[in-house]
Amino acid sequence: MSNGQWYPPEWPARIRALASGELTAVTPRRAATVMLLRDGLPDRPVPGPAVHMLRRSASMAFAGGAYAYPGGGVDPRDDDHLVRWAGPALEDWAVRLGVATVTEAQAVVCAAVRETYEEACVLLAGPTADTVVSDTTGADWEADREALVDRTLSFADFLDRRGLVLRSDLLGAWARWITPEFEPRRYDTWFFVAALPEGQRTRNASSEADRTVWISPADAVEGYDRGELLMMPPTVATLRALLPYGTAAEALEAAASQSLAPVLAQARMEGDALVLSWPGHEEFTKHVPPTETPGASGGDPA
């Protein structure tokens, strides 16, 4: 394989089972992930913003070893009551995200902010509608973060307890991808962009990642193209979409013009061969002969 595209060896059998009616697609769970950006890297100049990525542990059942962004599934309590809110109204977010209600919109946006805090220790919230916390270190913050992770504390209650306003204006919705129908774990995932708030630092707090990096989208894409970095199609596509922007602010401003039409992989049989494609993203089309077992290996960014 010439690049680092992630293809599990069990996909062909599952796709054929779905096509034959032996496999029933599961309903995707809603999720959110955030491309956290900052301008430049401390050790060297890079063109455009750098993006924070984590490498999923090789032991993970889904996409082990692949590079991705902080994110995860919606917590049912992310919409248990209206939180203090700054930025576009929930009605506007519902339209932008393509969901039916304001509670659904809050759940998706809350999931994006909560997961970024849980996995990267970056919090897009502040005491007022025009401020953001500058430091989330310390034992009390860590206790709250761990309570969020183990779901003994809801994100809405966390914000209320600390008197914080969720800064939805610091997020830009960028893309929406849905896990293929033949996957046993499926997610309907909204991708967001956000700039790293001044004073805050990222930390690998995820139990699912064995390392994190700040890397320019160009370097990440080149690593993927060389087969050195393992990634899933949504990650590569969103990285490529960041390439034209010179700063984090430019990328955030451009989010409003990005399409949120859901991207869902399609699989079809051509004789005994399998063809897997993502509409609108021809680079990921894969032709799998009957005897081929797909796979990929990935390395570290240099």
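**Entry 1: helix 6**

I started just after helix 6, where Gly227 has a positive phi of about 85 degrees. Helices here are DSSP runs of H or I with at least four residues, strands are runs of E with at least two, and both are numbered from the N terminus. A note to myself: this is a predicted model, so local features need pLDDT of at least 70 and side-chain atom pairs count only at pLDDT 80 or more, while totals for chains, interfaces and linings use all residues. Residues are numbered from 1 along each chain as its sequence is written, and side-chain values use heavy atoms, with hydrogens and water left out.

Then I asked which residues of helix 6 (residues 217–225) are buried. They are Pro217, Ala220, Val221, Gly223 and Tyr224. Buried means under 20% relative accessible area, exposed over 50%, and partly exposed in between (1.4 Å probe, protein chains only). Down the axis of helix 6 these buried residues fall within an arc of 160 degrees, so they line one face of the helix. The arc is taken from the directions from the helix axis to the C-beta atoms.

**Entry 2: helix 4**

Arg151 follows helix 4 and has a positive phi, near 65 degrees.

**Entry 3: the cores**

Next I looked up the largest nonpolar core, which has 44 residues; Leu97, Leu123, Leu171 and Phe192 touch the most other members. Such a core is a set of buried Ala, Val, Leu, Ile, Met, Phe, Trp, Tyr and Cys residues joined through side-chain atoms within 4.5 Å. Elements giving two or more residues to this core include strand 1 (29–39), helix 3 (102–120) and strand 9 (187–195). Helix 3 supplies the largest share, nine residues. Apart from this core I found another, of 36 residues, with Leu37, Met53, Ala220 and Tyr224 among them.

I also listed the contacts of Leu171, leaving out residues up to four places away in sequence: among them are Val34, Trp93, Val109, Phe192 and Leu252.

**Entry 4: rings**

My search of the whole structure turned up eight aromatic pairs. Rings of Phe, Tyr and Trp (its six-membered ring) pair if their centres lie within 6.5 Å; planes under 30 degrees apart count as stacked, over 60 as edge-to-face and the rest as tilted. Trp93 and Phe192 make a tilted pair, 6.1 Å centre to centre with 55 degrees between the planes. This pair links distant parts of the chain, with Trp93 in helix 2 and Phe192 in strand 9, 99 residues apart. Trp93 is buried at a relative accessible area of 5%, and Phe192 is buried at 0%.

Phe155 and Phe158 are stacked, at 5.7 Å centre to centre and 25 degrees between the planes. They are three residues apart in helix 5, so about one helical turn separates them. Both Phe155 and Phe158 are buried. Ring pairs also link Tyr117, Trp141, Phe155 and Phe158 into a cluster.

Which residue lies over the face of Trp141? I found Arg162 there, at 3.7 Å from the ring centre. The charged end of Arg38 sits over the ring of Trp214, 4.4 Å from its centre. I count a charge as over a ring if NZ of Lys or CZ of Arg is within 6 Å of the ring centre and within 35 degrees of the ring normal.

Key
Contact means heavy atoms within 4.5 Å.
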